[in-house]
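Subject: Structure handover

Hello,

Here is the structure we talked about. Please open it next to this message. My notes follow.

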Amino acid sequence: LENRARFALEIVRAIRAEVGDDFHMQFKITGVDYGDDLFFWWKKGTTIEDSIQVCRWLEEAGVDGFHVSSGNSFPHPRNPAGDFPIQDTVRGYDSMISSGRHTFRNYLLFRFWPFNAVFRKMWTRAAKGHIEGINLADCRRIKEAVSVPVVCTGGFQTASVVAAAIERGDCDGVTIARPLIANPNLVQLWHEGHDRPARPCTYSNKCLINQVENPLGCYDQSRFDSREEMVRE
């Protein structure tokens, strides 16, 4: 484990040496690899016990805070958790198919039934329908082991869920990506007293897949009154 952590530790020490002691340096880390979430015959990978020890070493090396995620690839069934938009993937895959070790194999997998149906089911199975706060349990384990702030990622878009997580001590704060693409005014809505947006993020992951070729935005047409409204946004 020490040798596997060496590269990260050397980077942190080198950055700290350059920026000094009064510069905030945060480290994003996978709590657990969940390497077999998609295909059961793959190796599980890094455990939470591994990550806890690495975080202790990183804190000693000068890290001021941790950002806890999960998964050993990107995308991963838990990061970002939700649907896998097969049709969008096939439509935009031409920009990826010419490079990469397994891109042609993946294209065939995404393109043809029943392989794509099986893949999509295996993908969504990992989250078991629980997306918002999916990494909180792993985050809490790391938070209990270090003395610096720890923030968590995981589809947060409900004010009461975030507040409860912080009050329980699962994390010191949360980070948000997809729900802010769906509702850029999310934090303002919370400030005004709304617990959740009227049209929340559906975790379709169409934003992730489409951004390979298109501008970053929400591409789930079900959240809009028309396709034209979606394009305008």
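A search of the whole structure finds 12 salt bridges. The model is predicted: local features need pLDDT of at least 70, side-chain atom pairs count only at pLDDT 80 or more, and totals for chains, interfaces and linings use all residues. Numbering starts from 1 along each chain as its sequence is written, and side-chain values use heavy atoms, with hydrogens and water left out.

**Salt bridges**

A salt bridge here is a side-chain nitrogen of Lys or Arg within 4 Å of a carboxyl oxygen of Asp or Glu. As background, side chains of opposite charge can pair when their charged atoms come close.

Take R141 and E49. Their side chains meet in a salt bridge, 3.6 Å from N to O. This pair links distant parts of the chain: R141 is in helix α6, E49 is in helix α2, and 92 residues separate them. Helices (H or I, at least four residues) and strands (E, at least two) are DSSP runs, numbered from the N terminus. R141 counts as partly exposed because its relative accessible area is 36%. E49 is also partly exposed, at 47%. The cut-offs are: buried under 20% relative accessible area, exposed over 50%, partly exposed in between, with a 1.4 Å probe and protein chains only.

D88 and R91 make a local pair. Their closest N and O atoms are 3.0 Å apart. Both lie in helix α3 (residues 86–92), three residues apart, about one turn of the helix. Are the two partners buried or exposed? D88 is buried, at 10% relative accessibility. R91 is exposed, at 55%.

R140 forms a salt bridge with E144, with the closest N and O atoms 3.1 Å apart. R140 is partly exposed at 30% relative accessibility. E144 is exposed at 54%. Salt bridges that share partners join R140, E144, R168 and D170 into one network.

**Nonpolar cores**

In soluble globular proteins, nonpolar side chains tend to be buried together. A nonpolar core is a set of buried Ala, Val, Leu, Ile, Met, Phe, Trp, Tyr and Cys residues joined through side-chain atoms within 4.5 Å.

Which residues touch the most other members of the largest core? They are L58, F66 and I142, out of 31 residues. Elements that each supply at least two residues of this core include α1, α2 (48–61), β2 (65–69) and α6 (136–143). The largest share, six residues, comes from α2. A second, separate core has 10 residues, among them L38, F110, M122 and W123.

I142 deserves a look on screen. Leaving aside neighbours within four places in sequence, I142 is in contact with I29, G31, I48, S51, I52, C55 and V68. Contact means heavy atoms within 4.5 Å.

For C55, the nearest cysteine sulfur is that of C139, 9.6 Å away. C55 is buried, at 0% relative accessibility. For C171, the nearest cysteine sulfur is again that of C139, 5.2 Å away. C171 counts as buried because its relative accessible area is 1%.

**Surface patch**

F7, I11, I15, V19 and F23 make a nonpolar surface patch of about 460 Å². Patches are made of residues with over 30% relative accessible area and no salt bridge; like charges are joined within 9 Å, and nonpolar side chains (Val, Leu, Ile, Met, Phe, Trp, Tyr) within 5 Å. Areas come from the Shrake-Rupley method with a 1.4 Å probe; for residues, only the protein chains shown count as cover. F23 sits in the loop between α1 (2–19) and β1 (26–30). F23 is partly exposed, at 47% relative accessibility.

**Around α7**

T158 is in the loop between β3 and α7. T158 is buried because its relative accessible area is 6%. Beyond neighbours within four places in sequence, T158 is in contact with E132, W190, D195 and R196.

A163 is in helix α7. A163 is partly exposed, with a relative accessible area of 32%. A163 and V151 are 12 residues apart in sequence and 13 Å apart in space, C-alpha to C-alpha.

Best wishes

Notes
A disulfide is a pair of cysteine sulfur atoms within 2.5 Å.
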